[in-house]
Amino acid sequence: MKKLATLVIALVFVLSFALPQGSAFAQSDAVTVYVDGVEVKGYEQAFVSHDQVLLPVEDLFNEAGFKVSKDSKSGAVNVSNTYLTVDFKASASTIEVNGKKADTQFPLTLQNYGNYISGEFLATLEGFEVEVAEDQKSVNVTTNRLAEEEVAALLAKSAAVELDSFSTKMTMDMKMESSLEEEAIDMKMDITMDQIMDPMSLYTLTKMSTNFAGEKMEETSGIYLTEEGYFQQIGDVWVKYEDELTEGLLDVAGQEDLLAQLEALQTKFTKGLNIYEYDDVYVMTQTISNEEFSEMMDEVMSLLLGSGLTETIAVDTEATEVEATEEVATEEEATEEAATEEEATEEAATEEEATEEAATEEEATEEVVIEELDFEGLFDGLEFNIEEFYIVSTIDKETLFPLDVSAVANITMTMDEDTITISLLLDGTFSDFNAVKEIKVPAEVIKNAITMEEFMKILEAELEKALAEEVAA
């Protein structure tokens, strides 16, 4: 009896392989899927089940240019280009489209640990059309994404739009972690800006809150850049920069050729760029790889080096160095006049040595500053690794004005022994198109502003005071 039971079990086991096995049977009848003419590739493959074509969610929407994210705990999948957002929630067996529950169950099937939806449901989403071949061997998914030549034409048309002025509101959440520090830095910024293109002028107000090692700090700062000057609020003090720097910045900002070339860069780096056409807006998404980022930064730095901006900043620094040299020379003259007696001569010599040391330190400081302004070598020794960079902007279809922008980025930078990881979330809106008529620096700011040299003296005095109090303690 025992031998017979064993034979029966073996027979059942063998026969089980000869019978149709749901997913195993379906997988053998795989279907090729194309999105806008490009084959969708990945571990999960589309298949036919009960006369329905089932499509892999993540691979399909990745190929469609959407941002795809998956919760490792719940298994929920989110796909979005901000205009269309679909949440696939396996644990709740639901699909939500732009926050509203869809009249279908999810997942329709789970195979190879992947999530699948029907082509019939996909066709109900705005911007998607689905065509299944008669033999069900292939599926063509067509989206509302512009073709490559249409993208180039739209970008060129958008760059030619007359946008004389606008306002911006933006929020930015950033977290920085260093391999050399135990604590991370959390930073949140709320930024509002008014800008006029001609004559170039802008005003920005930034409210920033920082949390580092449990210590919270809040700060408000502002910037005015107009023909009246370049003013920056640092703490409770307004600082006015040198007129040469202001003129240089305004001159560079007014270079139409430079602006045109910067805009043209966007049409050059379109590998990860997608533009979707809806009834009243265009939605533009873009991902950037390490290689593209490196090439883009090289192009931007090349343009800035040729614009005269770096020379403007360097000239301003050199002007400070000349002022410091003249001050040293004046002190030396005073020292020589005071050296009339033997004791005075010795004292003067001592002062002269101190002056020379100060001058040497001043020159060394200035040399360091100038070296830091070496834009050509700015990224030497710095390694970038872009783990994620996805930016989305909405454009008004009629005016081609930008309406909003959002971005998520995770970047790692390594230099020497330090590795810094940056996580960034950004959201912004644009308004008041061609409605900002004038930006003026308030009379109170102009009256009370101090020079950068005066501000540095204040900082030095505060530092000396803090050091003295620390020593006394």
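Leaving aside its neighbours within four places in sequence, Leu-382 is in contact with Met-413, Thr-414 and Met-415, where contact means heavy atoms within 4.5 Å. This is a predicted model, in which local features need pLDDT of at least 70 and side-chain atom pairs count only at pLDDT 80 or more, while totals for chains, interfaces and linings use all residues. Residues are numbered from 1 along each chain as its sequence is written, and side-chain values use heavy atoms, with hydrogens and water left out.

Where does Leu-382 sit? Leu-382 belongs to the loop between α10 (342-372) and β22 (383-396). Helices (H or I, at least four residues) and strands (E, at least two) are DSSP runs, numbered from the N terminus. With a relative accessible area of 24%, Leu-382 is partly exposed; the scale here calls a residue buried under 20% relative accessible area, exposed over 50%, and partly exposed in between (1.4 Å probe, protein chains only). Thr-419 lies 37 residues from Leu-382 along the chain, and their C-alpha atoms are separated by 9.8 Å.

Now to another part of the chain, strand β1. Val-31, Val-33 and Val-35 make up the covered face of β1 (residues 30-35), and Ala-30, Thr-32 and Tyr-34 the uncovered one. In a regular strand the side chains alternate between the two faces of the sheet.

| Partner of β1 | Sense | Bridges |
|---|---|---|
| β2 (residues 38-39) | antiparallel | 2 bridges |
| β3 (residues 46-49) | antiparallel | 2 bridges |
| β13 (residues 138-143) | parallel | 4 bridges |

Ala-30 has Phe-47 of β3 as its bridge partner, Thr-32 has Ser-138 of β13, and Tyr-34 stands opposite Glu-39 in β2. β1 and β2 also form a hairpin with 2 residues between them, and Asp-36 in that turn has a positive phi of about 50°.

Finally, the chain as a whole. The protein chain has 12 helices and 25 strands, and 33% of its 473 residues are buried. Among contacts with a separation of 6 or more, 56% come from residues 24 or more positions apart. The accessible surface comes to about 29,100 Å², and carbon and sulfur atoms account for 52% of that surface; accessible areas come from the Shrake-Rupley method with a 1.4 Å probe, and for residues only the protein chains shown count as cover.

Key
Two strands pair if DSSP finds at least two bridges between them.
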